[in-house]
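Welcome! Please take a moment to look over the sequence and the 3D view before reading on.

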Amino acid sequence: MRFSRLFGKSEEPQPPDEPEQPDAEAVADDGAGDGYEGIPEGDADENLDQQWRGRAADVIPGGASTGSKRPAALYGEGTAFGPTHYTRASGCHITTAGGVTLIDCTMALGSVAIGYGDETVTRAVLNAAALGNVAGLSHTSEVDIADRLCDIIPCAEQVRFLKSGAEAVSAAVRIARAYTGKSKIVGSGYFGWHDWANDSPGIPAGARADVLRVPFDDVAALERACQQAGSDLAAILLEPVVEKLPSAEWLAAARRLCDAQGAVLVFDEMKTGFRLRPGGYQEYGSFEPDLAAFGKAMANGFPIAAVVGRAAVMEAAAKTWISSTLASEAAALAAIAGVLEWHDKTEVCDTLWKTGEEMMGAVNRAIAASGAEGVSVDGIAPMWFIRFDTPERESRFLELALEQDVLFKRGAYNYPAIAHDEQTLIDIEHAASSAFVQLVEETQD
Ligand SMILES: Cc1ncc(COP(=O)(O)O)c(C=O)c1O
């Protein structure tokens, strides 16, 4: 869809159109998603990319408000290459500030599983915004979407919306503590930037004093931490997939340890929701927690998250204080409706698994063909990553891949999207091959 078509509408705001039939193949066949051809190569100016990096560094501490989009996070500490800002994103392509068009394998940290600027989602959002994004009452879509999530997510009987993933997980922790009247949290994973979940300058030690951290999939460590928490255990909070799927033993231990203390089992499904399956890992692995937090792909890049769970536990949300002025703004709820349209009409998650396998295969073939050593492809297909033996080689690979117009994620997951079509996969393999061949040559020099 061309944006001029959307913004060209001059009539009075209308109720949302009947969404066009989402068609995964049609979107993917477009290659660049929507007739997107980018800016002609000759007109690109990489100096402009550097200028934007400089401007950002002057006015935004660290150069970006999202930690993983800081230059140091994108390309490595001390590196000076690579674009940091974009002016347009469409399908799986981004146009940098300097006018270079890249294939994006990072998909905005997994928050986009359909594609950038998707027509179904964008139209739903624009229509909702045009009809009044917020008001003195709650929008009906808050109830509609809550109902839909209860149909889709196995553990969901009630829902509260928030704006960010960190907020949703913090809300889950607050609800678990309010429900149990206890304090201690045993957690495994990344839960966002809030005080209780981090150990960095500016956080008083007391904020995390009741949080015990355990490694992923380690039954003995989980048991030890729960023993330490004793009868004050409020919740076990798990990111259910970290690089690999969890063992049945780990999950069973978490359930048993929660039940023994009357504690709440919480899954953080920020990355896994609407990606492994619409209902997240709990649907994929047929294992229900009591509460769960969703965000990211649920709204294809629009700012909304949710804490969901069993009604008996969720009711505690009304006894404590969890509230945000714009939590239920209609545009982001409409983005969820657009994503649900996709999931209703086509098996989005099956495509993500298949496309992720093809991406992993493409990079594996590139590694094998080049003879590169000290590098491997890991993770699961919907969230995979390239592991390097040294940060220097990783940075150099990213730089070489960028020269072939492909952006891979440094130190974290690459994410497939519906918009990564066959030609894109060929281009990814070509870029990875070229980068690995060059890397091997440089290593031998
Ligand atoms: C598992 C998990 N939980 C929570 C968060 C925090 O989400 P947000 O950055 O939207 O606050 C993230 C973000 O990457 C995440 O991956």
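Which side chain of opposite charge is nearest to Asp49, and how many Å away is it?

## A buried aspartate

Keep in mind that this is a predicted model. The nearest side chain of opposite charge to Asp49 is Arg53, 8.9 Å away. A salt bridge needs a side-chain nitrogen of Lys or Arg within 4 Å of a carboxyl oxygen of Asp or Glu. Asp49 has no salt bridge, although Asp49 is buried.

You can find Asp49 in helix H3, which covers residues 46-59. Setting aside neighbours within four places in sequence, Asp49 is in contact with Pro83, Thr84 and His85, and also with Thr96, Ala97, Gly98 and Val100.

## Helices H9 and H10

Next, look at helix H9 (residues 219-229) and helix H10 (residues 248-261), whose axes lie 9 Å apart at an angle of about 15°. Because of that angle, H9 is roughly parallel to H10. Their crossing is right-handed.

On the H9 side, the contact is made by Val219, Leu222, Glu223 and Cys226. H10 contributes Glu249, Trp250, Ala253, Ala254, Arg256 and Leu257.

## Helices H6 and H13

Now for another pair: helix H6 spans residues 119-130 and helix H13 spans residues 330-345. Their axes come within 8 Å and cross at roughly 150°, so H6 and H13 are roughly antiparallel to each other. The crossing of H6 and H13 is right-handed.

Which residues meet here in H6 and H13? From H6 come Thr120, Val121, Ala124, Val125 and Ala128. They meet Ala330, Ala331, Ala334, Ala335, Gly338, Val339, Glu341 and Trp342 in H13.

Definitions and conventions:
Residues numbered from 1 in each chain as written. Predicted model: local features only at pLDDT ≥ 70, side-chain atom pairs only at ≥ 80, totals over all residues. Heavy atoms only, no water. Helix = DSSP H or I, 4+ residues; strand = E, 2+ residues; numbered from the N terminus. Buried < 20%, exposed > 50% of the residue type's maximum accessible area, 1.4 Å probe, protein only. Lys, Arg positive; Asp, Glu negative; His and termini not counted. Contact = heavy atoms within 4.5 Å. Axes fitted to C-alpha atoms, helices over the stretch in contact; angles between N-to-C directions. Parallel < 35°, antiparallel > 145°, perpendicular 65-115°, else oblique. Left-handed = near helix turned anticlockwise from the far one by under 90°.
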